[in-house]
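Please read them with the coordinates open.

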Amino acid sequence: MRIKSFISLIFTIALITACDDNTATLGVDMMPESDFMTSHCDSFEVNTASYPVGNSVLARTSMSYFGQFTDPETGTIVKSDFLAQFHCNEYFSFPEKVVDNKITKAEIKLYIDKFVGDSLTSFKLSVYPLNKILDPEQNYYTDIDPTKYYDTNAKPIAEKWFTLSDRTISDEDRWDSDYYNNINISLPASFGQAIYDGYLQDPEIFTNTSTWAESDIPGSKGFYFKLESGDGAMAYIDIAQLNLHFKYYDDTYQKDTTGICQFAATEEVIQANRFTNSNLEVLLEDNSGTYIKSPAGIFTIATLPIEEITELATNDTINSAKITFVRYNDKTDSKFKLEIPQKLLMVRLDDYNNGFFEKYSLIDNKTSYIATFNSQKNTYEFPNIAKLLTHCLNEKLYGTPTENWDKVLLIPVEATYDSSNILVKLSHDFSMSSAKLVGGVHPVGLEIIHSSFNTSYY
């Protein structure tokens with residue numbers, strides 16, 4: 001519904017603000033008064049609602065997430081475990097003189113970039129080798145079914161109880177500048193031996209990641225890291241590394257030396273996160289506002305008032321259109337509050353459903369925009385979505401509109417910029433974050449400035 005309208009006469013306002021004092025009115029003095037432009041400002045109501053994602057968004061990320069966490073503000077629960085391949089360097093090789101051709105130790109280390117929650121919470125994980133390749137040409141989503149990729153009847157090759165703050169090391173070591181917090185998972189030495197024996201039989205298998213993954217060598221297709229129990233924290237794992245330890249004869253020093261070979265989960269291979277959200281129904285039914293919740297939880301959907309705007313846009317030009325989403329403050333008294341989503345993507349619902357992220361799309365400031373959270377104002381502001389309104393309007397009037405032609409989504413995203421501050425990558429934000437926005441039964445205001453040339457003398 002239109003809230004207000006007022007008219008003010010302006011003299012080519014865009015020209016005036018762009019020019020200096022000497023040229024600001026150039027051409028205006030020669031125009032008849034009947035050609036002066038009239039500017040109008042109107043406000044409309046935008047209806048919004050929380051939009052369930054259904055645990056399924058594109059899982060394209062180089063970060064892995066592991067744990068379970070209950071949000072103290074909303075009571076919702078997020079659980080995550082993951083599948084990961086391990087990269088084989090091109091023309092990988094072991095040293096020639098491995099002592100007794102023996103692997104002395106095998107392990108996997110999951111290096112923790114950061115975490116949310118209580119670092120002393122106890123978790124249990126199990127590790128299963130994959131028996132099916134994660135195809136790098138395929139898209140994987142956060143509702144992936146791990147049972148399709150490992151033998152569910154087999155026992156795990158390793159189990160581990162752990163806390164995110166490793167209490168098995170001294171405080172002195174923990175605070176050492178060279179220490180990188182990690183979950184250290186011991187594997188049977190025989191598992192590492194099978195990898196080494198496979199190398200001795202056919203080194204060509206280790207030519208690259210593809211030949212390695214297509215082999216029958218244990219671990220070559222990756223692992224499933226399954227969360228068995230625990231609640232209270234979520235780890236952000238930026239490196240997963242398979243280490244094989246051995247001794248070899250060093251010709252330079254003429255003695256036996258400890259060696260290690262590494263296979264790491266990197267951006268060149270797949271890390272497929274699986275997220276499960278629980279208790280979201282309470283938030284979806286709360287119409288006192290709308291929610292943005294990641295990972296893979298809730299977006300906000302907005303219906304643009306295009307039908308009402310049609311009335312004013314028939315003879316006028318839409319110059320600018322501003323919409324601001326206000327965040328409610330989190331009043332929860334907890335030291336484990338979730339972060340606030342820092343960037344929101346506004347994109348048409350149809351574009352999202354038609355593979356916006358799958359196509360590696362970037363914003364075009366026509367049908368997609370980005371807003372950054374303003375901590376001082378507690379808002380996400382989209383200063384000018386006029387092109388979006390015009391695009392939707394033209395589609396309605398002259399195209400073949402779909403059922404969702406007037407709907408957009410607000411999606412938490414991670415944006416990557418190059419050294420020139422040019423956006424080069426957009427992906428879903430999988431960090432633990434949450435925000436409640438003004439909306440639902442309280443429509444959001446859309447301010448539109450539109451103009452037309454006078455057809456009569458004032």
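1. Start with E267. This residue is exposed, because its relative accessible area is 65% and the cut-off for exposed is over 50%. E267 sits in the loop between β11 (255–265) and β12 (271–278). Its C-alpha lies 8.0 Å from that of T61, although the two are 206 residues apart in sequence. Keep in mind throughout that this is a predicted model.

2. Overall make-up. The chain has eight helices and 22 strands. It runs to 458 residues, and 48% of them count as buried. Among contacts with a separation of 6 or more, 81% are between residues 24 or more positions apart.

3. Strand β5. This strand covers residues 98–117. It runs antiparallel to β10 (residues 233–250), and 14 bridges join the two. Within that pairing, I108 has L242 in β10 as its bridge partner. β5 also pairs with β8 (residues 182–187), again in the antiparallel sense, over six bridges. There, K109 stands opposite N184 in β8.

4. S119 is found between β5 and β6. Is S119 buried or exposed? It is buried, because its relative accessible area of 19% falls under the 20% cut-off. Beyond residues up to four places away in sequence, S119 touches T163, L164 and S165.

5. The largest nonpolar core. It holds 44 residues, and L110, I185, F206 and F225 touch the most other members. β10 gives the most to this core, with seven residues. A second, separate core has 32 residues, including I309, I385, L437 and L446.

6. Contacts of F225. Which residues does F225 touch, leaving out those up to four places away in sequence? The list is F66, D81, F82, A84, F86, I108, L110, S126, V127 and I185. Two of these names return from the core point: L110 and I185 are also among the residues that touch the most other core members.

7. Aromatic pairs. A search of the whole structure finds 32 of them. One is F94 with Y199, which is edge-to-face, at 5.1 Å centre to centre and 65 degrees between the planes. This pair links distant parts of the chain: F94 is in the loop between β4 (77–84) and β5, Y199 is in helix α3 (residues 189–201), and 105 residues separate them. Both F94 and Y199 are buried.

8. A tilted pair. Y128 and Y150 have ring centres 4.6 Å apart and planes at 40 degrees, so the pair counts as tilted. Y128 lies in strand β6 (residues 123–129) and Y150 in the loop between β6 and β7 (158–162), so the pair ties together parts 22 residues apart in sequence. Y128 is buried, with a relative accessible area of 9%. Y150 is buried too, at 8%.

9. The ring cluster. Ring pairs link F92, F94, Y196, Y199, F206, W212, F246, Y248 and F263 into a cluster. F94 and Y199, the edge-to-face pair, are both members of this cluster. F206 also belongs to the cluster, and it is one of the residues that touch the most others in the largest nonpolar core.

10. Cysteines. How many disulfides does a search of the whole structure find? The count is zero. C88 is buried, with a relative accessible area of 0%. C41 is buried as well, at 15%.

11. Helix α8. It has 13 residues, 386–398. The buried residues of α8 are A386, L388, L389, C392, L393 and E395.

How values were computed:
Residues numbered from 1 in each chain as written. Predicted model: local features only at pLDDT ≥ 70, side-chain atom pairs only at ≥ 80, totals over all residues. Heavy atoms only, no water. Disulfide = S-S within 2.5 Å. Buried < 20%, exposed > 50% of the residue type's maximum accessible area, 1.4 Å probe, protein only. Pairing = 2+ DSSP bridges. Helix = DSSP H or I, 4+ residues; strand = E, 2+ residues; numbered from the N terminus. Expected span 1.5 Å × (residues − 1). Core = buried A, V, L, I, M, F, W, Y, C linked by side-chain atoms within 4.5 Å. Contact = heavy atoms within 4.5 Å. Phe/Tyr/Trp six-rings, centres within 6.5 Å; stacked < 30°, edge-to-face > 60°.
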